Each structure stands twice: as C-alpha cells, then as structure tokens.
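Colleague: Hi! Could you walk me through this one?
Modeller: Happy to, here it is.

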Amino acid sequence: MNTPRAKLTALVVLLGALAARCAPSIDRDPLDDPTISRSRFNAFRCTTCHAIGAGDPRILPGARLDGALARRSFWGGAIATARGAVDECFAHFMRGDSLDREPDAEARLLRRLSELRAVSGALTDTVPFTVVSETAPPTGGDRARGRDLYDRACGYCHGAPHTGEGRVGATTSVLPEDTERSHPSASGYTIETLRHTFVHKVRLGSFRGFAGTMPPFSREVLSDEDVVDIVAYLDPTLR
C-alpha cells in the first residue's frame with residue numbers, strides 16, 4: 001500500500017541498508033576493507049595500492065605497509081607523518097574524510113600498522129617516490145611486454161581491457177574505451193595527444209587537473225619504457 005507510513009518504512013529500510021554498507025566491518029582486516037572509508041562510493045582498499053609485505057607480484061603505486069610507521073617521511077618527502085599520508089589516501093583516493101573524523105578507522109588502522117612495524121624484514125627506510133611531471137607522447141613500444149605490465153600494474157584495478165571484467169569498482173574506467181570516449185577528435189584530440197593522455201594519467205593519476213581517484217605511478221615503480229609498452233598494448237583508437 002502506497003501510504004505515508006509505508007513510504008516512511010521503505011525509507012528507513014533503505015537508510016539502514018546504506019548505513020550497513022558504509023559501516024566498517026570489525027571482523028575484517030582494516031587494510032583490506034573498503035568500508036573503512038565512510039564514503040559509499042569508495043571501492044579502494046589500502047591493499048589496492050599497497051602490498052602488506054614482500055612478495056606481492058603486482059606493480060603497485062604505493063609503498064609496502066610493513067614498517068610504514070617507522071618511516072621518516074612519505075610521498076617522496078612531501079608528507080612528514082604516517083597519519084598525514086593516510087589522510088591523503090582517505091581524502092584523495094578513498095573519497096572519505098581525514099582520520100580525525102574517522103575515529104574508529106584511525107584506531108583500527110594504527111593498531112594494524114603497529115603490528116606490521118614489528119614483523120621481521122619490515123621496510124622501515126623512506127621509500128623514494130619521483131613524480132614524473134614532464135612527459136612526451138609515446139611512440140613504438142613492445143605490446144607483448146606491455147600485456148604483462150598491464151596485468152601486473154593496471155589490471156587489478158581496471159580489470160580486463162575492453163570489458164573491465166574484474167575491475168575494482170563500477171566507476172573504474174574500462175581501458176582503453178572510456179578514455180577514448182572522453183577524449184574524442186571532436187574536442188581537438190589527435191591520436192598523438194590521446195596516447196599522451198594515457199601517459200599523463202599513469203604518471204599524475206588524479207592530480208594536476210585530471211579527474212577520478214587514480215594514484216600516480218612513480219619512476220621507481222614504472223620506467224618510461226614500461227609506460228610506453230603499456231600504451232602500445234592498449235593501442236587506443238581516436239574516436
């Protein structure tokens with residue numbers, strides 16, 4: 001029955017479902033829990049961009065988390081504290097708030113990172129992070145090598161090329177098609193500038209005016225040759 005009472009009941013049920021989606025799961029490792037950010041639009045986990053320890057086969061934009069609390073700086077020296085680095089991730093990539101507005105998340109994260117500080121072989125040295133702000137349009141490239149690099153550096157977020165199967169979230173771009181559609185020839189793009197856009201996105205992520213929540217890949221993580229090979233594998237087409 002479409003009565004005011006029925007509408008109110010339906011609204012309460014909907015709000016309860018949304019609250020349950022946004023509430024962190026206390027039984028889950030906070031490093032592998034997207035609901036640690038209160039944003040219902042977030043699909044990222046800490047482990048999306050960071051390995052917990054040595055041996056992760058992926059090529060990741062973020063440094064290992066074991067030993068993080070012992071490091072003297074983060075983001076190539078741009079951020080001085082672990083809390084500041086976490087705040088940057090929450091606000092810029094996980095669509096959430098700073099930790100002072102996420103007290104439950106703060107307690108769970110710091111407790112887990114404290115555990116990792118003490119593990120054998122923890123990475124306690126400051127991790128270099130060179131931002132590549134000057135780039136050039138890619139030419140050539142090894143597509144076979146690019147396929148392997150895509151699988152290890154891009155596929156765990158974007159999923160399979162052309163379909164997005166396995167991507168981390170519904171709003172994560174399907175490559176290369178979503179980038180092709182948002183940079184068409186009607187807007188003045190050429191095949192050269194389109195291919196250059198992929199390089200910019202890898203190097204600068206969602207900084208310097210680029211949309212989305214993608215983190216940047218430093219030169220220490222992906223070489224210039226690596227990026228050229230990935231673009232060659234994706235082989236974007238101007239629309």
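Colleague: Thanks! Where is Glu134 found?
Modeller: Glu134 sits in the loop between α4 (103–117) and α5 (143–153). Keep in mind that this is a predicted model.

Colleague: And is Glu134 buried or exposed?
Modeller: Glu134 counts as exposed because its relative accessible area is 70%, and the cut-off for exposed is over 50%.

Colleague: What separates the C-alpha atoms of Glu134 and His200?
Modeller: Those C-alpha atoms are 8.8 Å apart, while Glu134 and His200 are 66 residues apart along the chain.

Colleague: Let's turn to α4. How far apart are its end C-alpha atoms?
Modeller: The ends of α4 are 21 Å apart, which agrees with the 21 Å its 15 residues should span at 1.5 Å a residue.

Colleague: Nice. Which residues of α4 are buried?
Modeller: They are Ala105, Glu106, Arg108, Leu109, Arg112, Leu113 and Leu116.

Colleague: What do those buried residues pack against?
Modeller: The buried residues of α4 pack against α2 (46–49) and α3.

Colleague: Now the largest nonpolar core: which residues touch the most other members?
Modeller: Phe90, Leu109 and Leu222 do, out of 37 residues in that core. At least two residues of this core come from each of α3 (82–92), α4, α5, α6 (155–158), α8 (191–204) and α9 (224–234). The largest share is from α9, with five residues.

Colleague: What lies apart from that core?
Modeller: Another core of five residues, including Phe74, Ile79, Ala82 and Ala85.

Conventions: Residues numbered from 1 in each chain as written. Predicted model: local features only at pLDDT ≥ 70, side-chain atom pairs only at ≥ 80, totals over all residues. Heavy atoms only, no water. Helix = DSSP H or I, 4+ residues; strand = E, 2+ residues; numbered from the N terminus. Buried < 20%, exposed > 50% of the residue type's maximum accessible area, 1.4 Å probe, protein only. Core = buried A, V, L, I, M, F, W, Y, C linked by side-chain atoms within 4.5 Å. Expected span 1.5 Å × (residues − 1). Contact = heavy atoms within 4.5 Å.
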